[in-house]
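Trainee: I would like a close look at a single part of this model, followed by how it sits in the rest.

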Amino acid sequence: MTVPTSADSRRDDPVEDPVEKYVATLSGALRGPARLKGRLVEEIRDGLDDTVAAYMREGASYERAAREAVREFGTPDGIAPSCQRELTIAQARHTARVAALAAPAALGCWGLIRLAGRDHAWQPGPVTELLTLNLAGVATIAAVLAAVTLAVTGPLARRLPTPHRLPLAVAWTGTAASVAMGITALVLVALSLVVADWPLAVAAGALAAVSHAVVAASARTCRRCARLPVA
Amino acid sequence: MRGHLDGLLLAVLEQGPLHGYAIIAAVQERSGGVLELRTGTIYPALQRLERLGLLRSSWDAVGERRRRCYELTEAGRRSLEEERTAWREFTTAIGSVLNPVPTSPGLAT
C-alpha cells in the first residue's frame with residue numbers, strides 16, 4: 001500500500017492551502033538577504049510537509065493534517081521575529097562587508113585620478129583634498145565597524161550578547177559610505193574634464209558609482225531589517 | 001525552555017546528521033513527548049547555531065526528497081559538554097535546596 005505524501009494530496013488552489021498560505025504569509029513578513037531568506041522559508045516548508053505527511057500516516061485527511069501542522073509550527077506572526085533576527089544579523093554582516101570594500105575601492109579611485117593627472121596640467125585643489133580626507137575617514141570607520149560586526153556576530157557571539165542596535169549602526173555607516181562613494185563618483189566625472197587622461201578619470205568615476213550602488217542597496221535593506229521586530 | 005533549546009538541539013545531533021523535522025521528532029521522542037517545541041522556531045535556531053560555528057549543514061537526499069541536514073562541529077561538541085556540565089551543576093544546586101540532606105541535631109547551631 002502506498003501512503004500518500006503531503007505533496008501528492010496538496011489542494012489545487014494554493015490560496016486556500018493552509019501550508020501554502022502559511023509559507024506565503026511568513027515569506028511576505030521577512031526581509032533580508034534573498035538567498036538566506038529563501039533557504040529558511042524552504043526549510044520551514046519542508047518541515048511543514050514532513051509534519052503533514054506524519055499526520056497523514058496516522059490516518060488524517062490532508063486538510064486536517066495541514067491544519068495541525070500549521071498549528072504546531074506557531075503562527076507566522078509568532079515565529080517571524082525569531083526568523084527575522086537571523087536575517088537581520090545576516091544582512092548586517094553583508095552590509096558591513098560591502099561597506100568595508102568601499103575603502104579599497106575609494107583608494108583605487110583616487111589612485112586612478114592621480115594617475116590621470118600625472119602630466120601636472122592639473123593638481124588637486126583644497127576642496128578635492130578635503131573630500132579625499134572625508135572619504136578616507138568614512139572608509140576607515142566602515143572598515144573598523146565591519147571588523148567589529150563580523151567578530152561579535154560570529155564566533156564571539158557564543159560568549160558575548162550581540163548589541164541590539166548593531167544592525168542599525170551598520171545600516172547608517174553603510175549609508176554614509178554609499179553617499180561618500182556617490183559624491184566621489186560625481187567629482188571624478190567632473191575632474192575628467194580637466195585631467196589629461198580623461199578616460200582613466202571616467203573609469204575611476206564608474207568604479208565609484210558601482211561601489212555606491214552596491215553599498216547603497218545593501219544599506220537600504222539593512223535599514224528595513226533593523227526596523228522590524230526581532231526575538 | 002528557551003534557555004535550554006541550544007543544548008537540546010546539540011544533544012540530538014550528537015549521534016549524527018539530521019534534518020529539521022527529524023531533530024524535532026528526536027527531541028519529542030527522547031523526552032517521552034513531555035517537551036513540546038514551538039516547531040517553527042527550531043529553524044532559525046539551527047541557523048543561529050550554524051552562524052556561531054557550532055553546526056554545519058548541507059543539502060542531502062533523504063529518501064526521495066532533498067533536505068537540509070545539520071551536524072555538530074568540534075566547537076559544537078565542546079559546547080554540548082559545557083551545556084551538560086552547567087546543567088549538572090544547576091540540577092545539583094536545586095536538588096540540594098529541595099531535598100536537603102538531614103543533619104544530626106548535635107551539629108545544629
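How many bridges join strand 2 of chain B to strand 3 of chain B, and do the strands run parallel or antiparallel?

Mentor: The model is a predicted one. In chain B, strand 2 covers residues 55–62 and strand 3 covers residues 65–72. The two strands run antiparallel and are joined by eight bridges. One pairing to look for is that of B:S58, whose bridge partner in strand 3 of chain B is B:C69. The hairpin has two residues between the strands. At B:G63 in this hairpin, phi is positive, near 65 degrees.

Chain B also has a helix pair to examine. Helix 1 of chain B spans residues 5–12 and helix 3 of chain B spans residues 42–51. Their axes come within 11 Å and cross at roughly 80 degrees. An angle of 65 to 115 degrees counts as roughly perpendicular, so helix 1 of chain B is roughly perpendicular to helix 3 of chain B. On the helix 1 side, the contact is made by B:L5, B:D6 and B:L9. Helix 3 of chain B answers with B:A45, B:L46 and B:L49. Sorted by class, the residues of this contact are five nonpolar, no polar and one charged.

Next comes the partner chain. Chain A has eight helices and zero strands. Of its 231 residues, 39% count as buried. Taking contacts in chain A between residues at least 6 apart in sequence, 81% join residues at least 24 apart.

The domain assignment of chain A gives domain 1 at 6–74 and domain 2 at 87–227. The centres of these two domains, taken over C-alpha atoms, are separated by 41 Å. Their contact draws six residues from domain 1 of chain A and eight residues from domain 2 of chain A. On the domain 1 side, the residues divide into three nonpolar, one polar and two charged.

Finally, the two chains touch each other. Chain A gives 19 residues to the contact and chain B gives 15 residues. On the side of chain A that touches chain B, helix 3 (34–57), helix 4 (62–73) and helix 5 (76–116) of chain A each supply at least two residues. Helix 3 of chain A has the largest share, with seven residues. By class, this side of chain A consists of seven nonpolar, five polar and seven charged residues.

Notes:
Residues numbered from 1 in each chain as written. Chains lettered and ligands numbered in written order. Predicted model: local features only at pLDDT ≥ 70, side-chain atom pairs only at ≥ 80, totals over all residues. Contact = placed C-beta atoms within 7 Å. Helix = DSSP H or I, 4+ residues; strand = E, 2+ residues; numbered from the N terminus. Nonpolar A, V, L, I, M, F, W, Y, C, P; charged D, E, K, R; others polar. Domains from an automatic or database assignment. Axes fitted to C-alpha atoms, helices over the stretch in contact; angles between N-to-C directions. Parallel < 35°, antiparallel > 145°, perpendicular 65-115°, else oblique. Pairing = 2+ DSSP bridges. Buried ≥ 20, exposed ≤ 12 C-beta atoms within 10 Å, placed from the backbone.
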